[in-house]
Amino acid sequence: MTAPVKLLTIVQARVVLDDPHACTDSADVLTISSAVFDTLVRRDADGQWQPVLALDWQISADARRFEFRLRTDVTFHNGDRMDADAVRYSLLRMARPDMGATLGSPGVYAQYLIGMTVEVLAPDRVVVTLAEPLADLFDILVRGNIVSPRAIEVAGDNLAARMVGTGPYRMTRCEPDRFVEAEAVADHFSGVPVACRVRWDAVTDPSERAAMLGREKAQVAARLDRSSIAAVAAGATFTQSLDPVAIVFLFNASCGPLRDTRIRRALNLAIDRDALVAHVLGGQGQPLHGFLSPAHFGAEAADVAAMGMPYEPT
């Protein structure tokens, strides 16, 4: 068994804290929150759902009733017990119309969870009942951080004080927009931690993030551009993933000239997607030919490719 390193330093463009139930695709936010918080379930590399705080679950035939059996040996970082009451509090908070804000629009999760009830059957049993069947509930629960109710209630507007979960790392120090530090939680159910301590540092310049690897000032550098990657010393390990963030232009098709499908098609044909990816995104992106990117669950790459929109400006 490999012993954990003493300190793992991660350099990324931003170090920001957000509410535990904000809806975000920002990797700079998720790297921190996913270390501090656990959720009921997670999706593994093969796309299969695996237990986290929920040991197992039963789903009704109509996909409206979900009963979860919870771990009984987990505490929050402030010492409070993680139980069905805390899960109920967290899920109902997540479903509030004023929560789940992204890009200035709150209520993202509420749109899916409206009418949801959460019933506590026992300290280790909770039932989620939906107003309508929802086949992709777990895709929402994977972002449903289970929070300490007491910590949230006393935190007020202090985002750092809201960062009390059951995750493998406990936040110890934070200086907004500069760094966050966390220490490993002893005997966390996920197993031996990668590092005894983790520090996230904000370094806006990608070339500087890459240089810090070479100077051994950091062990992980996030979101490097192509020129920075080329400058990284040989022997480094690279991980590449497709960001689910998509750039989509929405037109008013209910009135005006854009009611005409021919005009809408002409606008689509006039967009040189490959050139935008090459010159605006520095080659780090994929042309989008549909409303969903291939990174979103349910959007099959083959189907998206079949919808390909060529560049025909004339």
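**Whole chain.** I am working with a predicted model. I started with the overall extent: along the principal axes, the C-alpha atoms fill a box of roughly 65 × 55 × 40 Å. For secondary structure I noted 10 helices and 11 strands. The chain has 314 residues, and 36% of them count as buried.

**Second largest pocket.** I looked up its volume, which is about 180 Å³. Which residues line the second largest pocket? I wrote down Asp-73, Val-74, Thr-75, Phe-76 and His-77, then Thr-166 and Arg-170, and finally Val-185, Ala-186, Asp-187, His-188 and Phe-189. Sorted by class, that lining has 5 nonpolar, 4 polar and 3 charged residues.

**Nonpolar patch.** Next I turned to the surface, where Ile-247, Phe-249, Phe-251, Ile-263, Leu-267, Leu-276, Val-280 and Leu-281 form a nonpolar patch. Together they have about 790 Å² of accessible area. I picked out Leu-281, which sits in the loop between α9 (273-279) and α10 (301-306). Its relative accessible area is 38%, so I logged Leu-281 as partly exposed.

**Phe-238.** My last stop was the loop between α7 (226-231) and α8 (261-269), where Phe-238 is found. Is Phe-238 buried or partly exposed? With a relative accessible area of 48%, Phe-238 is partly exposed, because the exposed class begins over 50%. I also checked Phe-238 against Val-15: the two are 223 residues apart in sequence, and their C-alpha atoms are 21 Å apart in space.

Note on methods. Residues are numbered from 1 along each chain as its sequence is written. This is a predicted model: local features need pLDDT of at least 70, side-chain atom pairs count only at pLDDT 80 or more; totals for chains, interfaces and linings use all residues. Side-chain values use heavy atoms; hydrogens and water are left out. Patches are made of residues with over 30% relative accessible area and no salt bridge: like charges are joined within 9 Å, nonpolar side chains (Val, Leu, Ile, Met, Phe, Trp, Tyr) within 5 Å. Accessible areas come from the Shrake-Rupley method with a 1.4 Å probe; for residues, only the protein chains shown count as cover. A salt bridge is a side-chain nitrogen of Lys or Arg within 4 Å of a carboxyl oxygen of Asp or Glu. Helices (H or I, at least four residues) and strands (E, at least two) are DSSP runs, numbered from the N terminus. Buried means under 20% relative accessible area, exposed over 50%, partly exposed in between (1.4 Å probe, protein chains only). On a 1 Å grid over the protein atoms alone, a cavity is a set of points where a 1.4 Å probe fits but cannot get out, and a pocket is an open set with protein on both sides within 12 Å along at least five of seven lines; lining residues have an atom within 4 Å of a point. Grid points are joined across faces, edges and corners, and a volume is the space filled by probe spheres set on the points. Ala, Val, Leu, Ile, Met, Phe, Trp, Tyr, Cys and Pro count as nonpolar, Asp, Glu, Lys and Arg as charged, and the others, Gly among them, as polar.
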